[in-house]
Amino acid sequence: MLKKIEVNIRALYALLIALVLPVVCYIIIKKYSDETVTVPGHFIVDSVTTRVIKGKKVTDTIWHKLPDFSLTNQLGQQVSWNDLKGKIVVADFFFTHCPTICPAMTRNMKRLQQSIMNSQTVGDRQPDFIQFLSFSIDPERDSVAALKKWADRYQIDPANWWLLTGDKKKIYDLALNHMKIFVEDGREIDTNFFHTDHFVLIDRNRTMRGRPGQAYHGLDTTSLAQLSQDIIFLTLEKDRTKKGFLAGKLEMIAIVVLLTLIGVGLLLLMFRKKNNK
């Protein structure tokens, strides 16, 4: 009888170790990953509010959400943010008469698009988590036909990349006042439009993301590599507006399970000593 109890105790100890190790590993890995992996942060603030919850001061930051738009893409379709729900967006500004940086920026955007599509395409399915947008800063001349010609020239796939034209005032307001991107209409001179080479990263909540003090430059390979990496980080980011049943409870559950198993082990040890007397 005593031998049988000893065998059962050994089996239970083995079970105890098998259950404890995954819990401990989960806590260690989660702590380590939280400290080493940093997603691109927000950087345009609308407001900051402070409130007291259970005696503790809590600060809430409201990040700037980009306004809606209604523009026309190279296929002649009217599109808006409603067509981009749940998607990460990479945007830039260009115009089809641009003789300087626009062709290079378009080529680099295409490389970025292709790299993501090649890594994510399964069979006939294409990645639907991302959309590329190129806003024309010369919409008066950049008609749908002009955008289609530019798209054909660079073999742009419209499945997840739109060239957009429409109301000039709204486009400039979006660039200057909301994305904080420099663009300027030089007027009178045919190609005299000024804009930066920035690519803009926008998350699923229509807020801009990035690294402190670092813009994503569409002409810089190192910057584009960082952008590509940050897109991946955003795809892995949890939607904080949607909380699952176990959200914020996993650590507590792990601790409870661990304490329960320790308690079971102590009870078995006491039972074993009692039977040895």
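Residues are numbered from 1 along each chain as its sequence is written, and side-chain values use heavy atoms, with hydrogens and water left out. Because the model is predicted, local features need pLDDT of at least 70 and side-chain atom pairs count only at pLDDT 80 or more, whereas totals for chains, interfaces and linings use all residues.

Helices (H or I, at least four residues) and strands (E, at least two) are DSSP runs, numbered from the N terminus. Two strands pair if DSSP finds at least two bridges between them. Strand 2 (residues 45-53) and strand 3 (residues 56-63) run antiparallel and are joined by eight bridges. Within this pairing, R51 stands opposite V58 in strand 3. The hairpin of strand 2 and strand 3 has two residues between the strands, and K54 takes a positive phi near 55° there.

The surface carries a nonpolar patch of about 250 Å², made by V45, V48 and W63. Patches are made of residues with over 30% relative accessible area and no salt bridge; like charges are joined within 9 Å, and nonpolar side chains (Val, Leu, Ile, Met, Phe, Trp, Tyr) within 5 Å. Accessible areas come from the Shrake-Rupley method with a 1.4 Å probe, and for residues only the protein chains shown count as cover. W63 lies in strand 3 and is partly exposed, with a relative accessible area of 30%. On this scale, buried means under 20% relative accessible area, exposed over 50%, and partly exposed in between (1.4 Å probe, protein chains only).

A patch of positive charge gathers R107, R111, K149 and R153 on the surface. Lys and Arg count as positive and Asp and Glu as negative, while His and the chain ends are not counted; the place of a charge is NZ of Lys, CZ of Arg, CG of Asp or CD of Glu. Helix 2 (102-120) and helix 3 (144-153) each supply at least two residues of this patch. R153 is found in helix 3 and counts as exposed because its relative accessibility is 56%.

Side chains of opposite charge can pair when their charged atoms come close. A salt bridge is a side-chain nitrogen of Lys or Arg within 4 Å of a carboxyl oxygen of Asp or Glu, and the structure holds four of them. In one, D152 and K148 have their closest N and O atoms 3.0 Å apart. D152 and K148 are four residues apart in helix 3, so about one helical turn separates them. D152 is partly exposed at 47% relative accessibility, and K148 is partly exposed at 34%.

Another salt bridge joins R211 to D230, with the closest N and O atoms 2.6 Å apart. This pair links distant parts of the chain, 19 residues apart: R211 is in the loop between strand 12 (208-210) and strand 13 (216-217), and D230 is in helix 5 (residues 221-236). Both R211 and D230 are buried. The side chains of D203 and R209 also meet in a salt bridge (2.8 Å, N to O), and both residues are buried.

K180 lies in the loop between helix 4 (168-178) and strand 9 (183-185) and is exposed at 54% relative accessibility. R206 lies in the loop between strand 11 (198-202) and strand 12.
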